[in-house]
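Student: I have a new structure to read. Can you walk me through it?

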Amino acid sequence: MRTTVAIAALLTAGLTPLTLTSPASAAAAKHFDDFNGDGYRDLAAPHMYSGMTGGPVDFSGGAVLVTFGGPAGLTTRTQLIHQDSAGVPGVSEGGDQFGQELASADLNSDGYADLVVGNPSEESGTTPVGSVTLLWGSSNGLGGGTALPRKNGGPWFGRDLATGDFNGDGKADIAAISGSDAYLYRGGFTKTGSLGAVTKYDKEGGGWYSDGLAAGKVTGDGKTDLVILGTHATDITVRSEAWFLKGTSGGLTSGPTKVIASTYRHELHEATIGDFDKNGYGDIAVANPYESSDRGTVTLWYGTSTGPGSKSAKLSQATSGVVGAAEPNDGFGSALSAGDTDGDGYADLAVGVPGESVGTKEYAGGAHLFRGGSGGLSGARSAMIDKTLPGVAGGTVAEDMFGSDLRVRDLNRDGKAELTVLVPWENAARVLPGANGGVTGLGSYIVIGISGLPE
């Protein structure tokens, strides 16, 4: 019999108050997502009204649900934050998307991770200019907020976010998209609104429209690097590309570009960075779930000491060794996340396939886990994961779209990262423990009240 424990029920009353406390220490937080400084990773995720009888209240302007971690993984302690919470800038309004995009880091080096919250639909009059809010960590969780200034007149500020130490000065920085451009906000940040210099990055040679961001350490020099996903238009082509920018002491410097799709589709692509071949350099994975009638592919762009090099490969459900078949509307690559699920030192790659049919149940969804190893990723070290995996609760349901979003993180500090998989039509996710050989459904549990998973 399949068993599970539902451990993160959404609270509609008596939520953890948003209070500020003095820093525990001057040392930066060990984990970029440990908001209460207890040494365990927490999960901050978008929350939306489920519509279920007895379900949570309707936060039509968006909200963020934080589920706190502990020795066994995520716990029952939660916190719900929105723009009507005390100390948070702005007002929650219908049509807002507060929490649509999330990133985290210890922005003020006080020992507590802080949360960067995008609300790309925030309006000024009738124009969706967007906003970004910094929520501050404390021993009680997140409390109080500071608005990040918008640096251009374009719309949709905060429609993607990333954090890292891009200039190697020991202070966390924020990358954000506003309009069609990417901006780097240098730290340090303070609760009173102080921050470092802000720089815009716009690719030369034709029209460049930034759509998405992925941050990670590619070159092995200790500085965070950035990948900007976007659309590149010239007089004769319009195509989707991944643009690498290397972290340096002066900020980001332009590097090579990889074509992901030679035709224009104005949907966001996903990317993540992990050392899949354990050579000390981060490798870039970029998804194109729209390729070949939405069958989908993932492009691998392997790293070197100077950035991504000439070695690349593609993964799909047609790759040798991959279970299943590449079919229209599978959406292979609708979500990506990287981490070491089996503790062997190689990063693994989780790929969402929300349109996958399971038996006769269409759009039940699934995920592929590609385990890292010598030479990088291959179909031979891959496994299909869906709700038929022993130990996973709920049974296979048509249109579940299991795998619409993914997150690979070590939540219980056992050296093997858990795979958290979104099931959007349940407003819930399954947390699958890391194990030798990959993840397992045994010991898995449910987190409810969430509508997305931040990378």
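**Reading the chain and its charges**

Student: Which residues does Asp202 contact, leaving aside its neighbours within four places in sequence?
Tutor: Contact means heavy atoms within 4.5 Å. Leaving those neighbours aside, Asp202 is in contact with Asp181, Trp208 and Trp243.

Student: What should I know about the model itself?
Tutor: This is a predicted model, where local features need pLDDT of at least 70, side-chain atom pairs count only at pLDDT 80 or more, and totals for chains, interfaces and linings use all residues. Residues are numbered from 1 along each chain as its sequence is written, and side-chain values use heavy atoms, with hydrogens and water left out.

Student: Where is Asp202 found?
Tutor: Helices (H or I, at least four residues) and strands (E, at least two) are DSSP runs, numbered from the N terminus. Asp202 sits in the loop between β13 (198-201) and β14 (207-216).

Student: Why does Asp202 count as partly exposed?
Tutor: Buried means under 20% relative accessible area, exposed over 50%, partly exposed in between (1.4 Å probe, protein chains only). Asp202 has 40% relative accessibility, so it counts as partly exposed. Across the chain, buried residues make up 56% of the 455 residues.

Student: How do I read a salt bridge?
Tutor: Side chains of opposite charge can pair when their charged atoms come close. The test is a side-chain nitrogen of Lys or Arg within 4 Å of a carboxyl oxygen of Asp or Glu. This structure holds twelve salt bridges. One of them joins Arg41 and Asp33, at 2.9 Å from N to O. Both of these residues, Arg41 and Asp33, are buried.

Student: Which parts of the chain does the pair of Asp211 and Arg159 link?
Tutor: Take the bridge first: the closest N and O atoms of Asp211 and Arg159 are 3.5 Å apart. The pair links distant parts of the chain. Asp211 is in strand β14, and Arg159 is in the loop between β9 (141-148) and β10 (161-164), 52 residues apart. Both Asp211 and Arg159 are buried.

Student: What is the distance between the closest N and O atoms of Lys387 and Asp400?
Tutor: In that salt bridge they are 2.6 Å apart. Lys387 and Asp400 both lie in the loop between β25 (382-385) and β26 (406-409), so the pair ties together parts 13 residues apart in sequence. Salt bridges that share partners join Lys387, Asp400, Glu426 and Arg430 into one network.
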